[in-house]
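Please view the sequence and the structure together while reading.

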Amino acid sequence: VMHPDKMLSLVHVGASCCDVPSFSWPHRVCPQVREFNGRHYIMERGITGDFALIKAWKADRAGNVVFRKTARNFNQTMCKAAKITLVEVEEIVETGSFAPEDVHIPSIYVQRVVKGQHYEKRIERLTLRKPGGDQPKATTEADIVRERIIRRAALEFQDGMYANLGIGMPMLASNFIRTDITVHLQSENGVLGLGPYPLEGEEDADLINAGEPFTPEYSHTGPSTQPIHADPHLAIIPRNLSYPCTCLTVS
């Protein structure tokens, strides 16, 4: 089932490359549309891949797989959507080393396990915060405009709110949440409970939001961050979030 915002789009009407020169997909039949609870949805067939190439943390000799922190993202889904799943892991352990409830991918979905060598976990873009909570000052005109937009969006946060932050500018809104309120932030790669950017030395390549590393959100009892895989965010956004800050629009 496709998201309802695809209604009347090129996907909906079955446009071909001859209809729209800037697109290159082949001609397709207009997909079926069905109505659920007063909203129209486009029906699409599920995608099945020939191979899924997955990076995980550990596997046992039976093929059960465990991911570390937020590295699950869409890996769990892809393991189940391919005919053959090949998993590269950092460590292979004996069968029985994992508690059954700790297994993320059962061996039935895994056809090959490979132990990788010479790992170097890189962080594509690293943003660090300074001790004391000081934020770098905007200097260019573009940065000043961006900060003004972000600060305005952050004014919508209310105490106890659950909010989704999309990739890009929305992620920066977390820097401007008032200190007298508690907001639980969710990221689209699969984590509920985003904390601030890390201090130097705290960064972890397996603990990232939709774009950069972060540190766990803390409650009065300890870390309250919940790493989940990416699929649930599609259910969280329409049903449970108070403020889906997935995009920022300037008029």
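## Pairing around strand E6

In this predicted model, Glu 88 has Val 114 of E8 as its bridge partner. The two strands concerned, E6 and strand E8 (residues 112-115), pair in the parallel sense over 4 bridges. Strands here are DSSP runs of at least two residues (E), helices are runs of at least four (H or I), and both are numbered from the N terminus. Two strands count as paired if DSSP finds at least two bridges between them.

Strand E6 (residues 82-89) is also joined to E3, by 6 bridges, and these strands run parallel. At this pairing Leu 53 stands opposite Leu 86 in E6.

## Basis of the values

The model is predicted, so local features need pLDDT of at least 70 and side-chain atom pairs count only at pLDDT 80 or more, while totals for chains, interfaces and linings use all residues. Residues are numbered from 1 along each chain as its sequence is written, and side-chain values use heavy atoms, with hydrogens and water left out.

Leu 53 belongs to strand E3 (residues 49-55). Its relative accessible area is 70%, so Leu 53 is exposed; the term exposed means over 50%, buried means under 20%, and partly exposed lies in between (1.4 Å probe, protein chains only).

Together with Phe 51 and Ile 84, Leu 53 forms a nonpolar patch on the surface, with about 340 Å² of accessible area in total. Such patches are made of residues with over 30% relative accessible area and no salt bridge; nonpolar side chains (Val, Leu, Ile, Met, Phe, Trp, Tyr) are joined within 5 Å, and like charges within 9 Å. A salt bridge is a side-chain nitrogen of Lys or Arg within 4 Å of a carboxyl oxygen of Asp or Glu.

## The E5-E4-E7 sheet and Asp 60

An open sheet of 3 strands has the order E5-E4-E7, with mixed pairing. Its edge strands, each pairing on one side only, are strand E5 (65-66) and strand E7 (91-93). Strand E4 (residues 58-60) and E7 run parallel and are joined by 3 bridges; Ala 59 stands opposite Ile 92 in E7.

Asp 60 is located in strand E4. Its relative accessibility is 4%, which means that Asp 60 counts as buried. Beyond its neighbours within four places in sequence, Asp 60 is in contact (heavy atoms within 4.5 Å) with Ile 92, Val 93, Glu 94, Thr 95, Gly 96 and Phe 98. A polar atom of the Asp 60 side chain lies 3.0 Å from the backbone nitrogen of Ala 62. From Asp 60 to Val 113 the C-alpha to C-alpha distance is 9.1 Å, although they are 53 residues apart in sequence.

## Asp 206

Asp 206 lies in the loop between strand E11 (191-192) and strand E12 (218-219). It counts as buried because its relative accessibility is 9%.

## The chain overall

The chain has 5 helices and 15 strands. Of its 251 residues, 32% are buried. Among contacts between residues at least 6 apart in sequence, 62% join residues at least 24 apart.

Notes. Accessible areas come from the Shrake-Rupley method with a 1.4 Å probe; for residues, only the protein chains shown count as cover. A polar contact is a pair of N or O atoms within 3.5 Å; within protein, one must be able to donate a hydrogen and the other to accept it, and residues adjacent in sequence count only if both atoms are side-chain atoms.
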